[in-house]
Each structure stands twice: as structure tokens, then as C-alpha cells.
Amino acid sequence: IGAALLGYFVIFPAFFPPKTTEQTMMNKPPITAPSQPEAAPTRAAFTHQSLLTTSDGAVDTNLNDINAVSIAQMLAQEGQRIASPGTFMEIIPKDSIGSIPAALFLNALLPETAAYTNALENDFSLALYYDENGAWPVYIFKVKSTEMAANLPSAIETSSNLGILFASAPGTPTAFKSGQIENVATRYLSYSQKGASLNVAWKGNTLIISTSFNGLKNNISKIQ
């Protein structure tokens, strides 16, 4: 028994000394700092300049998020505004940075246009035309050149979610046809809801999307 104890307490530790704290620490994997999340991309703020030569006023509206749901809620809310028939009111969408760029706004509504919205100037105008049938958004975009934006109207026509452009449900669509307003060629899509008609028109380097025929006809002269 004595020899066994001598071997356990004296001889064994001599050949197999216990690991020191320093050795133990050296064998541990290095501690790395947690990775930081990538910073969200930023955009430059700009001052909005209306693309309307005249209107019945302008109101700012704030969006918490730039997505289709947020924009639809904003349009529905502004559509409930009490306004006399024939009122043409500019709505200026903003977020925490400022006025929202045209491409970012249109891509949120119609993702099918994303490949072509680099042809849009940064600034745009949104207006609501009020009549006895409701409130009808009119979207006005300046393009860098009509050649760059040549495929944009076709991308709009092929979207399966054009109803999102309206302030309220437009009903059932028919099919796109060609038309004309004051010597301006248009493409239009009629809906079953009274007064609802999607109209796409070029006026020089300005692309106009109106959700009402009367909204376009009665206000096209007010658009730059």
C-alpha cells in the first residue's frame, strides 16, 4: 500500500505534471469580437420641385416604410380627404430622410419596372384628382431621355398588380387600348368601378400615369 501511495503522489506527478492556467488558456480558442451588422445603404436628400405648373395646394405625407402596403394606406387616407369635385391636390411623400426618389417609390408599387427606373429623374410628383366618383392618383415622372425609358410603359402594362396604383379598389380590368388626349398618345385600361381607368401617357420627357381618364384630361395642361 505504501509503495502504491508513493507512486501516486510522488512518481506520477513528476512525469505528468498538472497543466498550468497559462497552458490551459493557450489551448483555448481565441475570443473574437462579434461581427457588426452592415450599415444600411443611405441616399442623398434632395429638395422637391413640383412638376405641376399649378394645383389646388400641396400637402406633405410621411411614410414609415417605402413599400406597397405603406403607400396604399397613404393613398387611401388621402383619398378620404374632403375636397370639392375637380380639386387637383399635390401629395408629397416623405420619410425620415426627406422626399422619396422616383425609382424607389415606383419600384415599391410595381417591382416589374425595376429594370428600367434608372431612366427616371430623382424627383417626381404625385397628385390626387377628386371628383364625384372618388379620389384618383396621378403619378408624374421626368425621364432622363425617352430612349432610356422606352420599355417602361410596357413594363407597367405587364404588371399583374396595377390595382395598387389606385386609392381604392378599381374593380375588374378589361384590356389595354390606345387612345389620345389633347394630341398626347395614351394607353388606357378601363375598370368596372365607375370612373376607374388607368392611363399611361408621354408628354415630352414626362411620363404620366393617371388612374382616371378625367383626372388626366382635366389636368394634363397643368403638368410640365
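**Entry 1: overall make-up**

How many helices and strands does the protein chain have? I looked this up and found 6 helices and 8 strands. Helices (H or I, at least four residues) and strands (E, at least two) are DSSP runs, numbered from the N terminus. I noted that this is a predicted model, in which local features need pLDDT of at least 70 and side-chain atom pairs count only at pLDDT 80 or more, while totals for chains, interfaces and linings use all residues. Residues are numbered from 1 along each chain as its sequence is written, and side-chain values use heavy atoms, with hydrogens and water left out.

I then read along the sequence and wrote down the pattern α-α-β-α-β-α-β-β-α-β-β-β-β-α. Of the 224 residues in the protein chain, 40% are buried. Buried means under 20% relative accessible area, exposed over 50%, and partly exposed in between (1.4 Å probe, protein chains only). I also looked at contacts, meaning heavy atoms within 4.5 Å. Among contacts with a separation of 6 or more, 62% come from residues 24 or more positions apart.

**Entry 2: the sheet**

I traced an open sheet of 8 strands with mixed pairing, in the order β1-β2-β3-β4-β8-β7-β6-β5. Its edge strands are β1 (58-62) and β5 (177-181), each of which pairs on one side only. On average, neighbouring strands of this sheet are turned by 25° against each other, direction ignored. For such angles, axes are lines fitted to C-alpha atoms, for helices over the stretch in contact, and angles run from 0 to 180 degrees between N-to-C directions. Two strands pair if DSSP finds at least two bridges between them.

**Entry 3: strand β4**

Which strands pair with β4 in the antiparallel sense? I found β3, over 9 bridges, and β8 (residues 206-210), over 5 bridges. A hairpin of 2 residues joins β3 to β4. On the β8 side, Y139 stands opposite I209. I counted 8 of the 10 residues of β4 as buried, so β4 is largely enclosed by the rest of the structure.

Which residues of α4 (residues 102-109) are buried? I listed A102, F105, L106, A108 and L109. They cover an arc of only 155° around the axis, which puts them on the same side of α4. The arc is that of the directions from the helix axis to the C-beta atoms.

The buried residues of α4 pack against α3 (68-79), β2 (88-94), β3 (120-131) and β4 (134-143). I saw α4 lying across β2, β3 and β4, at about 60° to β3. Helix α3 lies across β1, β2, β3 and β4, at about 35° to β3.

The two helices pack at an angle of about 95°, with their axes 8 Å apart. That makes α3 roughly perpendicular to α4, a term for angles of 65 to 115 degrees; under 35 counts as roughly parallel, over 145 as roughly antiparallel and the rest as oblique. Where they meet, I found A68, I71 and M74 in α3 against F105, A108 and L109 in α4.

I looked up the largest nonpolar core, which has 55 residues. A nonpolar core is a set of buried Ala, Val, Leu, Ile, Met, Phe, Trp, Tyr and Cys residues joined through side-chain atoms within 4.5 Å. Those with the most contacts inside this core are F105, Y139, F141, L162, L165 and L198. Leaving out residues up to four places away in sequence, L165 touches L75, L109, L110, P137, Y139, L198, I209 and T211.

Is L126 buried or exposed? I found L126 in strand β3, and at 1% relative accessibility it counts as buried. Beyond four places in sequence, its contacts include M74, F105 and Y139.

Last, I checked T61 in strand β1. At 10% relative accessibility, T61 counts as buried. Not counting residues up to four places away, T61 touches M74, E78, I91, I92, P93 and K94.
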